[in-house]
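Please open the model in your viewer and keep the selection tool at hand. The stops below say what to select next and what is to be found there.

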Amino acid sequence: MIPINTDEIKVWSSLIYNLCGICLDETKGYLLESRLGNLLNETNSQTFSELYFKVKADGANVLRRKVIDVLTTGETSFFRDTSPFDLLRNKILPELIDRRKKGLTTVLPVPIRIWSAACSTGQEVYTIAMVVREMIQGSPLKIDVQITGTDISDQALAKASSGVYTRFEVERGLPLDKAKKCFTQQGDNFKINDEIRSMASFQRINLMDPFDFGNKFDIIFCRNVAIYFQEKDKKILFERLGRALAADGALIIGSTESISGLGLNFVPQRYLRTVFYQPGKPGEVGHL
Ligand SMILES: C[S@@+](CC[C@H](N)C(=O)[O-])C[C@H]1O[C@@H](n2cnc3c(N)ncnc32)[C@H](O)[C@@H]1O
């Protein structure tokens, strides 16, 4: 393995921060060595400095995108942490649908817009779709749900969009009987059924950049990505997410994450073991 030196760690950390906001300190040399190893070979680079200059000179962004693919951590699973999806099924969606129905004068489907920000390979998106589908199956309720999955990694998004998973990936979060209802087996792999796939769309968004989707989202999932960011960037990100959320919408973050103390316009609410956030004044006390 080609070793990385202290100066190279510094320039690479700064490059990675500029590409995606991920902060790597001087102790993360081993991570750069292991994750960038293949790219060194692929580009015939003899040192990390040589690869660095190739990435900087890469006008077409091909190498930059490859660096992002290998440096980001896409750990995810279907029904990850379970309780956010109980919260979605038993509280957030029923209450939201009731409020939205009141605003409709006809029997039009209730429009619900959900964003999975940093969705990795798509398991979070399809889990949300499965929960929504279960809710509406066999009920007279008509919901026009649009789930937008975004990530910075092209590789993760390509897999999310294909909707094809290995048996191991499927079985990590889903019992086999549920999996059978949601996937079609293709050899050793499982492909998400069209009905679920059609509820989702995917696009590349760097959460460090400003974003504008036009309409507001009713629910935003932003889980297990802000842990990689500095406090100042986390604050800017959640301020932007707040502006992208409907006034009665809900923000769901990772189960080990917290946004209290950032002085944001969110009020924490508790449902059983899960905390979620609704737009409000900083310091306002919700139902905890
Ligand atoms: C650990 S995964 C979380 C996946 C999913 N939200 C979950 O909780 O299971 C983190 C994801 O954040 C993405 N990511 C990292 N930096 C990002 C950025 N600046 N903008 C958008 N996505 C980013 C990575 O590509 C990765 O797919």
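**Stop one: an aromatic cluster**

Select Phe-78, Tyr-126, Tyr-165, Phe-183 and Phe-202, which together form one aromatic cluster. Before going further, note that this is a predicted model, in which local features need pLDDT of at least 70 and side-chain atom pairs count only at pLDDT 80 or more, while totals for chains, interfaces and linings use all residues. Residues are numbered from 1 along each chain as its sequence is written, and side-chain values use heavy atoms, with hydrogens and water left out.

A search of the whole structure finds 15 aromatic pairs; rings of Phe, Tyr and Trp (its six-membered ring) pair if their centres lie within 6.5 Å, and planes under 30 degrees apart count as stacked, over 60 as edge-to-face and the rest as tilted. Keep Phe-78 and Tyr-165 selected: their ring centres are 5.1 Å apart and their planes stand at 80°, so this pair is edge-to-face. The pair links distant parts of the chain, since Phe-78 is in the loop between α4 (62-71) and α5 (83-102) and Tyr-165 is in strand β3 (residues 164-166), 87 residues apart. Here helices (H or I, at least four residues) and strands (E, at least two) are DSSP runs, numbered from the N terminus.

Phe-183 is in strand β4 (residues 183-186), 105 residues from Phe-78.

**Stop two: two packed helices**

Next select helix α1 (residues 6-20) together with α4, which pack at an angle of about 95° with their axes 11 Å apart. Axes are lines fitted to C-alpha atoms, for helices over the stretch in contact, and angles run from 0 to 180 degrees between N-to-C directions. The helices α1 and α4 are therefore roughly perpendicular to each other, a term for angles of 65 to 115 degrees, whereas under 35 counts as roughly parallel, over 145 as roughly antiparallel and the rest as oblique.

Show the side chains of Trp-12, Ile-16 and Leu-19 in α1, which meet Arg-64, Val-67, Ile-68 and Leu-71 in α4, contact meaning heavy atoms within 4.5 Å.

**Stop three: helix α11**

Finally, select Ile-236 in helix α11 (residues 231-243); at 38% relative accessibility, Ile-236 counts as partly exposed.

Conventions. Buried < 20%, exposed > 50% of the residue type's maximum accessible area, 1.4 Å probe, protein only.
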